[in-house]
Amino acid sequence: MKKELLYPFDANYILAKKKRIKRELLAEGERFVDKKIAILGGSTTNDIKLILELFLLNQGIRPSFYESEYNKYYEDAVFDNAELEAFAPDLIYIHTSNRNITCYPQMSDSKSRITDLLEAEYQKYCTIWESIADRYHCPIIQNNFEMPMYRLMGNRDASDRHGKVNFLTRLNMMFYDYADNHEDFYICDINYISADYGLAEWSDPFFYHMYKYALNVNAIPYLAFNVANIIKSVFGKNKKGLVLDLDNTLWGGVIGDDGVENIALGQEVAEGQIYSEFQNYVKEQTQLGVILNIDSKNDFENAKAGIEHPDSAFCMQDFIEVKANWEPKDQNFREIAEDLNLLPESLVFVDDNPAERSIVAQNLDGVCAPEIGDARDYIRILDRNGFFETTILSEDDQKRNEMYRANADRKKSLHAFTDYHAYLESLQMKGTILPFDEMSLNRVAQLSNKSNQFNLTTKRYTRDEMEMRAKDENYITLYGKLEDKFGDNGIVSVVIGKRVKEECHIELWIMSCRVLKRDMEYAMLDTLIETCQNKGIKKIRGFYYPTAKNAMVKDFYGKMGFSQVACDAAGNSEWE
């Protein structure tokens with residue numbers, strides 16, 4: 001990933017060099033996921049599109065765009081649109097702002113009149129969203145509303161129902177309630193982004209009256225970055241964990257030199273408070289399923305003493321892998337990823353030392369090692385980067401740390417066995433394989449977008465696309481859960497088969513890396529065969545499409561007893 005496109009970035013540089021940056025990103029040779037993005041704008045959107053493309057390319061997503069004509073967002077969404085229908089968007093972004101409010105309350109308006117105005121504005125957007133959902137069946141990103149550039153009543157504008165601040169706040173709350181009750185609908189929080197940027201600068205009227213941009217052109221990279229974060233999260237490009245340094249990262253000082261009693265941590269001094277606040281922020285990430293690990297040049301006992309400091313927010317159990325030694329940090333990082341069965345690029349490296357960040361980023365492809373600045377900047381920089389942008393928060397996400405910790409226990413248990421089959425039997429595994437259901441759809445869609453190594457066809461699906469297949473008699477949909485004596489792994493495998501006459505074509509087969517080599521794939525195949533037999537299907541056909549990340553399943557079908565019937569020069573193969 002290009003560090004120029006990580007926060008904090010130089011917005012002016014990105015705007016000025018956007019063509020060069022695009023060429024460099026495309027020249028990197030990464031195997032991109034192609035997605036079609038429609039932008040329906042209530043104001044000018046051309047530069048938003050161009051900068052959004054850069055941030056998406058940096059996340060491994062190569063977008064193609066449909067862009068509405070100026071201020072035609074309602075017409076494009078609600079009325080027949082042959083061009084947009086032919087484009088068949090994977091996602092639609094509605095870029096509106098307070099410039100698109102139809103009618104604000106007047107001081108003479110009654111309470112009921114203001115309620116009617118609010119409901120009319122809300123219903124206009126509901127019509128847009130429902131039309132898109134019915135016609136295009138794709139995720140929607142909708143801007144909320146930034147606060148007005150002036151307050152007619154001053155501070156009372158927020159509390160008086162006649163005020164624009166009050167009106168926009170209430171309308172935003174209605175948007176949030178809609179998002180809370182509808183799948184595949186996401187809010188781009190320009191209310192927060194504009195406040196963070198500086199509302200006076202964001203709303204500079206020059207850019208609207210001169211170019212019809214609803215925001216300062218120099219703020220476009222900040223908006224586009226946030227939209228890109230939502231999109232990459234929807235399509236499974238989030239990071240999965242943090243790899244953290246210790247000295248001057250989780251506490252102030254060098255514990256080996258200063259002693260555990262002298263590190264800066266806790267409420268006694270301002271520096272200690274800053275590190276305590278950062279520790280609390282990091283620990284909060286585990287509620288989202290972010291896994292925590294340590295990579296530190298330290299004696300292990302010193303590291304343990306610091307982690308268990310009386311004022312520490314952590315204990316040793318909060319970290320899945322702790323590498324505290326004198327080996328090169330990139331080597332430790334690679335081993336952490338291997339122990340977790342994750343690609344290194346799934347983890348973010350957090351270290352105060354720029355030399356260590358550079359070594360890790362240069363030696364491990366795709367690893368983000370953000371420039372975190374001074375200790376007081378750590379939270380802001382990690383937070384604004386949106387590495388863990390949340391679009392779906394499943395039960396499995398919230399249990400992820402527990403699952404990875406249980407996996408570590410399984411590995412320790414493995415060392416006590418010389419016979420792998422005996423080890424598997426000792427786990428007392430119990431698998432549950434079922435057709436897709438309402439409770440599973442979020443996790444199933446999420447897994448389809450996150451799985452890279454065990455993904456035979458590289459297909460990605462939204463929740464709506466999964467739901468449509470679950471309801472279609474021509475599809476066989478299966479998900480598998482696995483639990484053992486160490487805990488519940490949750491949903492770990494997904495198979496989608498499409499009926500083609502008397503054959504079942506396997507459209508998708510994915511599995512979480514947490515359960516590799518646990519024989520779950522055999523159970524999934526047995527259930528697929530049984531389901532096919534019950535439907536009168538006589539043959540199963542599988543497909544493998546190679547990527548830079550899924551080489552581990554190149555010969556999967558052969559090992560499962562299939563025969564190869566075709567293979568092209570690119571390595572795409574067909575099995576039956």
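Axes are lines fitted to C-alpha atoms, for helices over the stretch in contact, and angles run from 0 to 180 degrees between N-to-C directions. Helices (H or I, at least four residues) and strands (E, at least two) are DSSP runs, numbered from the N terminus. The structure is a predicted model, in which local features need pLDDT of at least 70 and side-chain atom pairs count only at pLDDT 80 or more, while totals for chains, interfaces and linings use all residues. Residues are numbered from 1 along each chain as its sequence is written, and side-chain values use heavy atoms, with hydrogens and water left out.

Two packed helices are described by the angle between their axes and the distance between the axes. Helix H2 (residues 18–27) packs against helix H3 (residues 46–58) at an angle of about 30°, and their axes are 10 Å apart. H2 and H3 are therefore roughly parallel to each other (angles under 35 degrees count as roughly parallel, over 145 as roughly antiparallel, 65 to 115 as roughly perpendicular and the rest as oblique). The crossing of H2 past H3 is left-handed; a crossing has this hand if the near helix is turned anticlockwise from the far one by less than a right angle, and is right-handed if clockwise. On the H2 side, Lys-18, Ile-21, Lys-22, Leu-25 and Leu-26 take part, and they meet Asp-47, Leu-50, Ile-51, Glu-53, Leu-54, Leu-57 and Asn-58 in H3, where contact means heavy atoms within 4.5 Å. Seven nonpolar, one polar and four charged residues make up this contact of H2 with H3. In this division, Ala, Val, Leu, Ile, Met, Phe, Trp, Tyr, Cys and Pro count as nonpolar, Asp, Glu, Lys and Arg as charged, and the others, Gly among them, as polar.

H3 also belongs to a right-handed β-α-β unit, together with E1 and E2. A crossover is right-handed if, with the strands pointing away from the viewer, the path from the first strand over the helix to the second runs clockwise. Strand E1 (residues 33–41) pairs with strand E2 (residues 61–67) in the parallel sense over seven bridges, where pairing requires that DSSP finds at least two bridges between two strands. Within this pair, Val-33 has Ile-61 in E2 as its bridge partner. H3 lies across E1, E2 and strand E3 (91–95), and runs at about 165° to E2.

These strands belong to an open sheet of five, with parallel pairing and the order E2-E1-E3-E4-E5. E2 and strand E5 (185–188) stand at the edges with a single partner strand each, so one side of each is left without a neighbour in the sheet. From one strand to the next, the twist averages 25°. E5 runs parallel to strand E4 (residues 140–143), to which four bridges join it; Asn-143 stands opposite Cys-188 in E5.

A further open sheet has seven strands in the order E10-E11-E12-E13-E14-E16-E15, with mixed pairing. Strand E10 (430–434) and strand E15 (564–567) are its edge strands, each pairing on one side only. E10 and strand E11 (residues 475–484) run antiparallel and are joined by five bridges, with Gly-480 in E11 as the bridge partner of Ile-433. Helix H21 (residues 441–450) packs on the sheet and touches E11, strand E12 (487–500) and strand E13 (503–511), its direction making about 80° with that of E12.
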